[in-house]
Amino acid sequence: MIFPKITALLAAFIGLLTIHMIIRIAKIRSAERVELENGSNNALHRAVRSHGNLVETAPLFLIMLGFTEGAGANIFFILFLVLLFAGSRIIHPIGLSGKKGTFKMRVYGMFGTIAAYLATALLLIYHVIFML
């Protein structure tokens, strides 16, 4: 089996993005003196959901991408999927920030994530049925 280098790089990026989100949550908790839950703090709630959304969507995408890369899918298409997913995961929390005019970024992030999921799933199915 080929080591899925691109998938590994995306996993590292997601790890760094997760650390960033954890630190952001910790800063808000410290500033607002909220130990558990969100303390009815809107900014903390949004930060927690941004983090939660990332850890809810990233694992399955990484698994599918790793299988697809291991199956020998076109490297440029894999890179496109990585950029689409990573970009969507960056702009989605911006859209959840609650700042005026950012809601569209949340929607773009959701659609980008869904598009990356769908394209990866279809490519994986194609490789399983026709290429192996």
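Predicted model: local features only at pLDDT ≥ 70, side-chain atom pairs only at ≥ 80, totals over all residues.
Trainee: OK. How many helices and strands?
Mentor: The protein chain has 4 helices and 0 strands. Helices (H or I, at least four residues) and strands (E, at least two) are DSSP runs, numbered from the N terminus. Along the sequence the pattern reads α-α-α-α.

Trainee: What box do the C-alpha atoms fill?
Mentor: Roughly 55 × 30 × 20 Å, taken along the principal axes.

Trainee: And what share of the residues is buried?
Mentor: Of the 132 residues in the protein chain, 38% count as buried. Buried is under 20% relative accessible area, exposed is over 50%, and partly exposed is in between (1.4 Å probe, protein chains only).

Trainee: Let's do helix 1. How far does it reach?
Mentor: Helix 1 has 28 residues and reaches 41 Å from first C-alpha to last, close to the 40 Å expected at 1.5 Å a residue. The expected span is 1.5 Å times one less than the number of residues.

Trainee: Which of its residues are buried?
Mentor: I6, T7, L10, I14, L17, T18, M21, I25 and I28 are the buried residues of helix 1. They pack against helix 2 and helix 3.

Trainee: And A31, buried or exposed?
Mentor: A31 is found in helix 1. It counts as exposed because its relative accessibility is 60%.

Trainee: What happens just after helix 1?
Mentor: R33 takes a positive phi there, about 55°.

Trainee: How do helix 1 and helix 2 cross?
Mentor: The axes of helix 1 (residues 5–32) and helix 2 come within 10 Å and cross at roughly 170°. Axes are lines fitted to C-alpha atoms, for helices over the stretch in contact, and angles run from 0 to 180 degrees between N-to-C directions. Helix 1 and helix 2 are therefore roughly antiparallel. The cut-offs are under 35 degrees for roughly parallel, over 145 for roughly antiparallel, 65 to 115 for roughly perpendicular, and oblique for the rest.

Trainee: Where does T68 sit, and what does it touch?
Mentor: T68 lies in helix 2 (residues 42–70). Its relative accessibility is 0%, so T68 counts as buried. Leaving aside neighbours within four places in sequence, T68 is in contact with A73, I78, T120, L123 and L124.

Trainee: And I63?
Mentor: I63 is also placed in helix 2. At 47% relative accessibility, I63 counts as partly exposed. I63 and T7 are 56 residues apart in sequence, yet 8.5 Å apart C-alpha to C-alpha.

Trainee: Switching to helix 4. What covers its buried residues?
Mentor: The cover includes helix 2 and helix 3 (75–95). Among the buried residues of helix 4 are T120, L123 and L124, which T68 contacts.

Trainee: Now aromatics. How many pairs?
Mentor: The structure holds 4 aromatic pairs. Rings of Phe, Tyr and Trp (its six-membered ring) pair if their centres lie within 6.5 Å; planes under 30 degrees apart count as stacked, over 60 as edge-to-face, and the rest as tilted. F61 and F85 have ring centres 4.1 Å apart and planes at 5°, so that pair is stacked. The pair links distant parts of the chain, with F61 in helix 2 and F85 in helix 3, 24 residues apart. Both F61 and F85 are buried.

Trainee: Which cluster are they in?
Mentor: F61, F85 and Y117 form one aromatic cluster.

Trainee: What about Y126 and F130?
Mentor: Y126 and F130 form a tilted aromatic pair, 5.4 Å centre to centre with 40° between the planes. Both lie in helix 4, 4 residues apart, about one turn of the helix. Y126 counts as partly exposed at 40% relative accessibility, while F130 counts as exposed at 59%.

Note on methods
Residues numbered from 1 in each chain as written. Heavy atoms only, no water. Contact = heavy atoms within 4.5 Å.
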